[in-house]
Amino acid sequence: MKKVLIVYWSGTGNTEAMAKRLAQGVSDAGCEAVLKQPGEASAELVKEAAALAFGCPAMGAEVLEENEVEPFIAGLGSGELGAKALGLFGSYDWGDGQWMRDWVDRMKSLGAVVDGEGLIAHLAPDDEALTKCYELGRRLAGKAELNP
Ligand SMILES: Cc1cc2nc3c(=O)[nH]c(=O)nc-3n(C[C@H](O)[C@H](O)[C@H](O)COP(=O)(O)O)c2cc1C
């Protein structure tokens, strides 16, 4: 079974709810969803996965969480990301999603094939946001199936 690796960080559970719904979409589409925290996700796991999803809320001033997520992302290169499908997601509050636009650009510059514009939810994801997470999971599983 193809693996979709979902690496996420969540301080108050909003991004976690997104990750879990995304994982449901992945498994309903017939792939294995592997959920990890950034500290547990080695470059090897990233390399092995057929598709990827990374989640992090807007933190600091429109940046990624700095203790776990930032070092994890900084440790990745085109070798691990390959030309693999990558979904980015996360929750925010008072901003306008700048952290996500920056993150999408950053991952594209590393060679990742980012799905859409990144999936953002205001605070706790509502039903509509959760449905988008589920659909993203299904889409990533579909792309994983095409990955040799
Ligand atoms: C330290 C800190 C910094 C934050 N910085 C931003 C920010 O720059 N822009 C924004 O839109 N929201 C910001 N937020 C709000 C969080 O992104 C928001 O509460 C989000 O829902 C948290 O997701 P989580 O439950 O997955 O941790 C910040 C929250 C905290 C605690």
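Predicted model: local features only at pLDDT ≥ 70, side-chain atom pairs only at ≥ 80, totals over all residues.
A polar contact is a pair of N or O atoms within 3.5 Å.

**Ligand surroundings**

There are 18 residues around the ligand, and those that come nearest are Ser10, Thr12, Ala58, Ser91 and Gly95. Ser91 also places a polar side-chain atom 2.6 Å from an oxygen atom of the ligand. At Asn14, by contrast, the backbone supplies the N or O atom, which lies 2.8 Å from a ligand oxygen atom.

| Residue | Part of the residue | Distance to a ligand oxygen atom |
|---|---|---|
| Ser91 | side chain | 2.6 Å |
| Asn14 | backbone | 2.8 Å |

**Packing of H1 and H6**

Helix H1 spans residues 14-28 and helix H6 residues 127-146; their axes are 7 Å apart and form an angle of about 40 degrees. The two helices are therefore oblique to each other, and their crossing is right-handed. From H1, the contact draws on Ala17, Met18, Arg21, Leu22, Gln24, Gly25, Val26 and Asp28. H6 contributes Leu130, Cys133, Tyr134, Leu136, Gly137, Arg138, Leu140 and Ala141. By class, the residues of this contact comprise 10 nonpolar, three polar and three charged.

Conventions. Residues numbered from 1 in each chain as written. Heavy atoms only, no water. Axes fitted to C-alpha atoms, helices over the stretch in contact; angles between N-to-C directions. Helix = DSSP H or I, 4+ residues; strand = E, 2+ residues; numbered from the N terminus. Parallel < 35°, antiparallel > 145°, perpendicular 65-115°, else oblique. Left-handed = near helix turned anticlockwise from the far one by under 90°. Contact = heavy atoms within 4.5 Å. Nonpolar A, V, L, I, M, F, W, Y, C, P; charged D, E, K, R; others polar. Near = heavy atom within 4 Å. Polar contact = N/O pair within 3.5 Å; in protein donor to acceptor, adjacent residues only side chain to side chain.
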